[in-house]
Amino acid sequence: MKLLTGNDLATGDVTWWTGSGWSRHVEDAADVGEDGERIAHGEEAAQRVNVPYVIDAVATPEGPRPAHIKDRIRALGPTVRSDLTLKPADPDAGAWVI
C-alpha cells in the first residue's frame with residue numbers, strides 16, 4: 001500500500017491524500033498505488049499542498065498504518081508525548097532562567 005502525504009500550505013499541518021482531497025487524519029488516507037507521484041506533482045503544482053511525497057504503509061482494521069516509524073510519528077501530530085515537553089522556566093526540568 002502507498003500513501004501520499006504532505007503539508008497544508010496555510011497551516012503547515014500534516015495532510016494525507018484521500019483520493020479526492022486532503023485530510024489531517026491518516027485514517028482517511030487512500031492507497032495511491034503507482035499513481036502517487038503523478039498525483040503529488042499535480043497537487044503541488046495546484047498549490048494545494050507543500051512537498052508531497054509517497055510512503056509505504058500497511059492496511060489495518062483501524063485504517064492505513066505508515067510502515068516507517070518516522071511517518072507513524074508524523075501521523076500522530078506535532079506533540080505525541082506532552083509529558084516529555086520541557087518548559088523553558090521549569091526548574092524541575094533542569095532549565096535555566098536568565
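Tutor: Strands here are DSSP runs of E, at least two residues long, numbered from the N terminus. Keep in mind that this is a predicted model.

Student: Fine. Which strand is serine 23 in?

Tutor: Serine 23 belongs to β3, residues 22-23.

Student: Is serine 23 buried or exposed?

Tutor: Buried. Its relative accessibility is 10%, and the cut-off for buried is under 20%.

Student: What does the side chain of serine 23 reach?

Tutor: The backbone nitrogen of histidine 25, at 3.0 Å.

Student: And which residues is serine 23 in contact with, leaving aside neighbours within four places in sequence?

Tutor: Val14, Thr15, Trp16, Thr18 and Asp28.

Student: Switching to the core. Which residues make up the largest nonpolar one?

Tutor: There are 8 of them: Leu3, Val14, Trp16, Val26, Ala29, Ile55, Ala57 and Ala75. Two strands, β2 (14-17) and β4 (50-60), each supply at least two residues of this core.

Student: How many aromatic pairs in the whole structure?

Tutor: The search finds 1. The partners are tryptophan 17 and tryptophan 22.

Student: Why is that pair edge-to-face?

Tutor: The ring planes of tryptophan 17 and tryptophan 22 stand at 65°, and planes over 60 degrees apart count as edge-to-face. The ring centres are 5.3 Å apart.

Student: How buried are the two partners?

Tutor: Tryptophan 17 is buried, at 9% relative accessible area. Tryptophan 22 is partly exposed, at 22%.

Student: Now α2. Which of its residues are buried?

Tutor: Helix α2 spans residues 69-76, and Asp71, Arg74 and Ala75 are buried there. They sit on the same side of α2, because they cover an arc of only 100° around the axis.

Student: What covers the buried residues of α2?

Tutor: The cover includes β1 (2-7), β2, β4 and β5 (63-66).

Student: Last one. Which residue follows α2?

Tutor: Glycine 77, with a positive phi near 115°.

Key
Residues numbered from 1 in each chain as written. Predicted model: local features only at pLDDT ≥ 70, side-chain atom pairs only at ≥ 80, totals over all residues. Heavy atoms only, no water. Core = buried A, V, L, I, M, F, W, Y, C linked by side-chain atoms within 4.5 Å. Buried < 20%, exposed > 50% of the residue type's maximum accessible area, 1.4 Å probe, protein only. Helix = DSSP H or I, 4+ residues; strand = E, 2+ residues; numbered from the N terminus. Polar contact = N/O pair within 3.5 Å; in protein donor to acceptor, adjacent residues only side chain to side chain. Contact = heavy atoms within 4.5 Å. Phe/Tyr/Trp six-rings, centres within 6.5 Å; stacked < 30°, edge-to-face > 60°. Arc of directions from axis to C-beta.
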